[in-house]
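Hi,

Here is the structure I promised to pass on. Have a look at it first, and my notes follow below.

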Amino acid sequence: PILFYFIWELYFEKKKISDFFFQIRFENKNTDIDIKVYILFFLFILFTILEFLSVQFSLDKIDLFHEGARLSSAFKSKLDSSLWSGSYISTGIIYEILGPKYIWKIFNQESVGLLRFLDIFFVLLTKLILIFLSFEISKNTYFNSFFKSIFFIFLSIILLSLTDYNSNVDLIKFREIPILLTLLFFIRSLKNGNQLYLPYIIIGFLSVITFFWSIDRALVLNLFVTFIIIFLLINKNYKNILIILLSVIFFWLSSYFYLKDEFSFFALNTISIFKEMSEINGFVHPIPFSDGANASRSTKTILLILISLLISLSFFFKEKSELSYRYKISLTSLSLVSFLSYIYALGRTDYTHLKQVFGFPIIFLSCYLLFYLFYFIYQKYKFHNYDTKNFLLLLIPFLIVIHINLNIDYSKIINFKNRLIKYVQLDDNVFLTKTDIDFIKQISHLIENEKCIQLYTNDAALLYLLKKPSCTKYYFVWIIGSKKNQIDFVQELNDTNFIIEDGVIDRKMILHKWGLALDVKYPVIKNYIDKNYVNDLVVGNRKILFR
């Protein structure tokens, strides 16, 4: 459809490709903003922090799969200081190891509660960045201050609703932080494209650090950075292109010298994940417009992404537009990120992951529709007088709406410190089922003298709960993947006396058809275990294998 649209514009509408690129040229035109809008901005920041201080800490049972992978890898790194050399990383070293490890170090203890508090803090950062992004986008409209204020309020409320402290299926996850920051700094740089250098230094830094944060986000971010470089090239802004490239080179060299031997393990790990992760997840993409599982959600997402791209491209075939130049570039950036972020769902097209890629299209659609809604009202009812009285009339309903939308509880705010200390000091058993508590108690004495144990189950949290490191770097069995990795796994099992298999998550996956059984996925490993281990013990449905 995108190709057809270009052909239509160039052949039938007689548009020139040179005109298209001319519309992308940088335009120095002020879109000033009143001090009162800044007041609203700081009020949003304040209320978001108050909401964070009011948060109800979750006592849900531990997610043995997702939370377990981070807990167990961080625990191993805490013991031996290893990074990629000790753990095969599926997401990113900061997300999986360094984040949990350093928050444990700050509080001088290890707990499930601390990992969950870290995630809550990351959600706060995400919300704050979304407010900044909403503010920068609002500044790029041609509205007067009154309409900019209303636009900013509505857009911020929508963006803040995309992520939540107690939801596992947010439309915008905190793993998007580097991409949101790159969008923010790029849009910010549009104000003075030839004078602002710091945003481009930060963009170069983010293009590197995101590989350590989340590998799939790094792919999307670096493709977006390529777009930024092309944009600067069209605008003949060679100086900022050089700044980005030098920044990238500097931070890669810094990483290489800082990580030393770990850097080569990082490179091999990252290449392996890029090559294999979509196949490891093992989901075939739903056929659009079919009645298959999750087909309607994937179709809806793809259509919205397509519409956003077509709308963005249309901006640059129009000679005149109600949108400011910076607003058009902002929307185009959002549509491109919407398109690129669908990469996350290509190998994992279940309900949850498809929902998570719906966030950026929603942001684009909100920005686009809100603008034209307010533009219509603005044209029909112009508010030229924006005095203190108007501002107060706006501020009062804003305060009411924000209190309704944000779960602010002043009694919890006052007791936040005490609540936090109590929460992070909770015994891990609080987050376990009775079955898992009994399993840990029965197994602990068996492995007391073992240096390590190995999992052949997706119940990844067991390593952390048993306080034993993995015997191989494959602590998270789900992502072993290729035949090469299976062979590596087997070779690292030489000194392994105990293997735990057939966990809770494995049975759930087979029951709900989330993936294949491990014995089917990993024939090399199954063959080795069958020849070298015996099953002499079953505890709570889990099998304990002895060499």
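**What I found**

Helix α9 passes helix α11 in a right-handed crossing. Keep in mind while reading that this is a predicted model. The two helices, α9 at residues 198-213 and α11 at residues 238-259, have axes that come within 7 Å and cross at roughly 35°. On the α9 side, the residues in contact are Tyr 200, Ile 201, Gly 204, Phe 205, Ser 207, Val 208, Phe 211 and Phe 212. They meet Asn 240, Ile 243, Ile 244, Ser 247, Val 248, Phe 251, Trp 252, Ser 255 and Leu 259 of α11. By type, the contact of α9 with α11 splits into 12 nonpolar residues, 5 polar ones and no charged ones. If you want a reason for the spacing along a helix, an α-helix has 3.6 residues a turn, so residues three or four places apart point the same way.

Another helix to look at is α7, residues 145-160. Its 16 residues reach 22 Å from the first C-alpha to the last, close to the 22 Å expected at 1.5 Å a residue.

- β2 (residues 498-501) pairs with β4 in the antiparallel sense, over 4 bridges. Phe 498 stands opposite Phe 546 of β4, and Ile 500 is opposite Ile 544.
- β3 (residues 534-539) also pairs with β4 in the antiparallel sense, here over 5 bridges. Asn 535 has Leu 545 in β4 as its bridge partner.
- β3 and β4 form a hairpin with 2 residues between the strands, and Gly 540 in this hairpin takes a positive phi near 55°.

Why does Gln 442 count as partly exposed? Because its relative accessibility is 44%, and the partly exposed class lies between under 20% for buried and over 50% for exposed. The C-alpha atoms of Gln 442 and Pro 286 are separated by 44 Å, and the two residues are 156 residues apart along the chain.

Cheers

How values were computed. Residues are numbered from 1 along each chain as its sequence is written. This is a predicted model: local features need pLDDT of at least 70, side-chain atom pairs count only at pLDDT 80 or more; totals for chains, interfaces and linings use all residues. Side-chain values use heavy atoms; hydrogens and water are left out. Axes are lines fitted to C-alpha atoms, for helices over the stretch in contact, and angles run from 0 to 180 degrees between N-to-C directions. A crossing is left-handed if the near helix is turned anticlockwise from the far one by less than a right angle, and right-handed if clockwise. Contact means heavy atoms within 4.5 Å. Ala, Val, Leu, Ile, Met, Phe, Trp, Tyr, Cys and Pro count as nonpolar, Asp, Glu, Lys and Arg as charged, and the others, Gly among them, as polar. Buried means under 20% relative accessible area, exposed over 50%, partly exposed in between (1.4 Å probe, protein chains only). Two strands pair if DSSP finds at least two bridges between them. The expected span of a helix is 1.5 Å times one less than its number of residues.
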